[in-house]
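Colleague: I have some questions about how the terms are used here. Could you take me through them?

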Amino acid sequence: MLKTVQCPSCKKVITATGNPGEIVKVTCPSCRAKGKVTFEKPVYRVTPEDGLAIQVFNLRKEYGDLVAVNNISFNVRKGEVFAFLGPNGAGKTTTVEMIESIRVPTAGSVKILGKDISTSFDKVKEKIGVLPQEFHSFERLTVRETLEFFQKIFKSRASIDEIIDDLDLHDQEKKLYMNLSGGLKQRVGVAISLVNNPEIVFLDEPSTGLDPKARREVWDVIAGLRSRGKTVFLTTHYMEEAEYLADHVAIIHKGNIIAEGSVEELINKYGEGSILDIKNCKTKDAVDMLIQNGFKAKNAGNGDIAVYIEHKDKVLEILSILRHEAIDYDALDIRRSNLEEVFLHLTGAKLSEEEK
Amino acid sequence: MKAEIIWASFKADIQSFYRSKATLFWTLLFPILLILMFGAIFSGVGDAEYELIVVDYDNSDTSETFIQVLNDTNILNTKLEVVDEKSISSYIKDEDIKRLITIPKGFEETLGAFQMGFDENATTNISFYFDQSEQQTNSIVRSVISAVVIEFNKNISGGKDIILIDDIETISGEFEFIDFFLPGMIGFTIMQTCIYGSLERNTKFRKDGILRKLLTTPITRTEWILSKMLFQLFLSFVSAFLIIGLGVAVFGLNIHITALMFVLIIATSFLFTGMGMVIGRFVKDEESAGMAGGAVTFPMMFLAGTFFSLESMPGFLQTIAKVMPLYYVNEGFRNAMIYLKTDDAIFHSTVVLIFAVVFFLAGLVLTKWKED
């Protein structure tokens with residue numbers, strides 16, 4: 001693993017390599033000062049392990065010179081929907097596929113339900129259900145045949161009828177997979193991941209490429225999994241998806257986790273609080289007036305003004321300024337800051353733009 | 001390893017197979033169409049006239065009239081030859097005669113004896129020699145001769161069988177084009193289905209995430225490969241026996257079902273499935289897989305003696321053919337099923353087995369099971 005330290009004498013940043021538990025001697029390349037760097041042993045942050053579905057420690061993946069995933073660590077608690085949020089190319093799929101043992105990590109370790117996957121993945125297989133990214137099942141099998149095929153692979157078997165009931169696939173069970181719409185294909189994909197009655201379900205970008213209605217339907221299915229006590233590991237680049245579904249969000253950017261917590265916590269910590277949008281304001285200097293009164297306000301385009309509200313009491317104050325200064329506008333709208341603004345705040349880039 | 005998993009996967013393959021009209025066409029119907037087409041072009045089926053050699057031991061007016069009537073049908077083109085009665089068999093063999101009739105000595109006399117009322121039970125036998133490998137043509141020629149004989153019998157006796165036909169089967173030394181072509185088609189069809197089947201599993205299934213999905217389930221690599229091999233073998237046997245059935249039913253081929261033939265079908269399936277896996281390692285998507293598959297199967301199809309005998313090719317092409325696995329497959333099938341040259345068949349089967357082991361093992365080793 002890699003560790004960066006600051007030289008105590010010349011303050012230059014030095015990168016050192018070593019194994020967990022090792023103490024490595026280093027020499028500063030600029031001032032030649034000598035020192036030691038300690039590489040900490042894996043310490044899983046939450047104990048006891050009982051409550052944890054997945055523990056990831058210092059997971060790293062390199063492709064030549066490119067570091068796709070840079071020593072990331074996090075835990076997923078049992079029964080929660082954990083959203084791994086980030087733009088395309090951030091390292092989401094690489095990470096989830098390392099956890100699913102599809103890819104071999106360059107370094108680091110993963111425990112699923114307390115078992116190290118590098119040695120005991122075969123024992124874990126019965127307890128997880130996976131929907132890979134851009135998954136397409138066998139084209140010429142019906143939905144029921146598809147579920148039966150995958151079910152036979154496992155020792156632990158859920159009832160196909162129940163899955164069809166739960167995911168509302170009755171009308172489709174006799175249709176060939178190839179003839180289903182994109183949304184239904186994804187729903188079948190989720191259904192396939194449930195044939196072994198898994199404790200943990202991994203869904204890699206389940207709603208990518210779907211229209212808004214189909215996306216909503218997939219969300220309902222995922223919310224249903226949570227209500228049935230499944231742990232869901234969800235990767236997505238849609239912040240609305242994470243906001244709607246996730247108990248816990250980890251934001252990944254360029255191979256690093258840059259923030260982690262519940263949606264609430266992230267918005268409170270990195271968001272801009274609440275925002276009052278003044279729609280189509282016709283009074284010139286309205287922004288200046290608000291700023292003079294001590295508010296953080298800016299033109300948001302199309303004549304709209306966005307005013308950041310640090311505390312709920314401030315709303316009344318703004319309203320009285322609007323009345324007092326006879327500011328003319330069409331409508332007012334109060335909304336909470338969202339994960340998009342959190343991402344913007346953390347990276348200086350928009351989540352949706354990063355995709356391009 | 002669990003039989004249930006293998007069976008489930010095999011069943012899924014069969015279900016997918018019979019629902020894909022395109023696959024059904026290319027695996028089952030296309031070889032049949034090719035055989036019928038090439039068979040018709042090169043075997044002369046559809047000729048208006050058939051040559052019939054006639055050996056007339058009677059040399060009488062009546063026998064001459066009989067030959068004239070055969071000719072007047074406009075279907076038979078008779079050719080008179082003089083052959084000693086004792087050496088007729090060797091004549092047929094040496095000259096590669098397909099159809100021949102002999103008119104016996106005393107033909108006219110027997111018919112006369114009946115007409116004059118001297119002998120009411122008089123009969124005379126015309127012998128019809130025919131090559132058993134040409135069933136379709138023979139049945140046409142036989143029916144023409146029968147019609148002429150019936151006509152003669154009616155005129156002379158009002159329908160009583162005085163002239164009879166003796167059918168005598170012969171085997172000429174030469175094999176027909178179709179004898180050469182049909183075993184080649186078996187090899188070619190197995191090659192196509194195995195290479196493309198294997199490529200589909202290694203490109204389409206990879207792209208569709210099916211291989212990634214399976215990596216996260218308890219199905220083992222052995223179970224997966226076995227189930228897929230079971231399916232490929234099933235397809236190979238169905239194709240082979242369909243082609244054999246066609247050869248027997250339409251072209252009247254004399255095909256021998258031998259143990260070596262089974263060995264060859266199995267070894268060929270492993271060989272080309274392995275080759276598909278090897279190709280699959282070096283291509284990324286389905287389109288390039290199709291092209292790479294074509295780049296391997298096309299030269300083999302034309303150069304390894306599937307359609308045309310190597311003897312008609314220039315020397316360097318013959319040398320190239322002999323490094324192609326399909327050449328040994330084709331020759332093996334021919335020797336095992338048609339020519340019955342057991343020693344050659346064993347040699348070719350052994351070479352195919354070695355190729356099969358090498359390619360299948362290479363396929364297993366080279367196939368990328370995990371992602372990078």
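Modeller: Start with contact: two residues are in contact if their C-beta atoms, placed from the backbone, lie within 7 Å. Keep in mind that this is a predicted model.

Colleague: What does helix α3 of chain B lie across?

Modeller: Helix α3 (residues 61–72) of chain B lies across β1 (50–56), β2 and β3 of chain B. The helix runs at about 145 degrees to β2(B).

Colleague: What makes β3 and β4 of chain B a pair?

Modeller: Two strands pair if there are at least two bridges between them. Four bridges join β3 (residues 99–103) to β4 (residues 124–131) of chain B. Therefore they count as paired. They run antiparallel.

Colleague: Which residue of β4(B) is the bridge partner of Leu100(B)?

Modeller: Tyr129(B) is that partner.

Colleague: What is the strand order in the open sheet of chain B?

Modeller: The five strands have the order β2-β1-β3-β4-β5, with mixed pairing.

Colleague: Why are β2 and β5 of chain B called edge strands?

Modeller: β2 (76–81) and β5 (163–170) of chain B each pair on one side only. Neighbouring strands of this sheet are turned by 25 degrees against each other on average, direction ignored.

Colleague: How many residues are in contact between chain A and chain B?

Modeller: 24 residues of chain A are in contact with 21 residues of chain B. On the side of chain A that touches chain B, β10 (128–131) and α3 (143–153) of chain A give two or more residues. α3(A) gives the most, with four residues.

Colleague: How do the residues on that side of chain A divide?

Modeller: They divide into 11 nonpolar, four polar and nine charged.

Technical notes:
Residues are numbered from 1 along each chain as its sequence is written. Chains are lettered from A and ligands numbered from 1 in the order in which they are written. This is a predicted model: local features need pLDDT of at least 70, side-chain atom pairs count only at pLDDT 80 or more; totals for chains, interfaces and linings use all residues. Axes are lines fitted to C-alpha atoms, for helices over the stretch in contact, and angles run from 0 to 180 degrees between N-to-C directions. Ala, Val, Leu, Ile, Met, Phe, Trp, Tyr, Cys and Pro count as nonpolar, Asp, Glu, Lys and Arg as charged, and the others, Gly among them, as polar.
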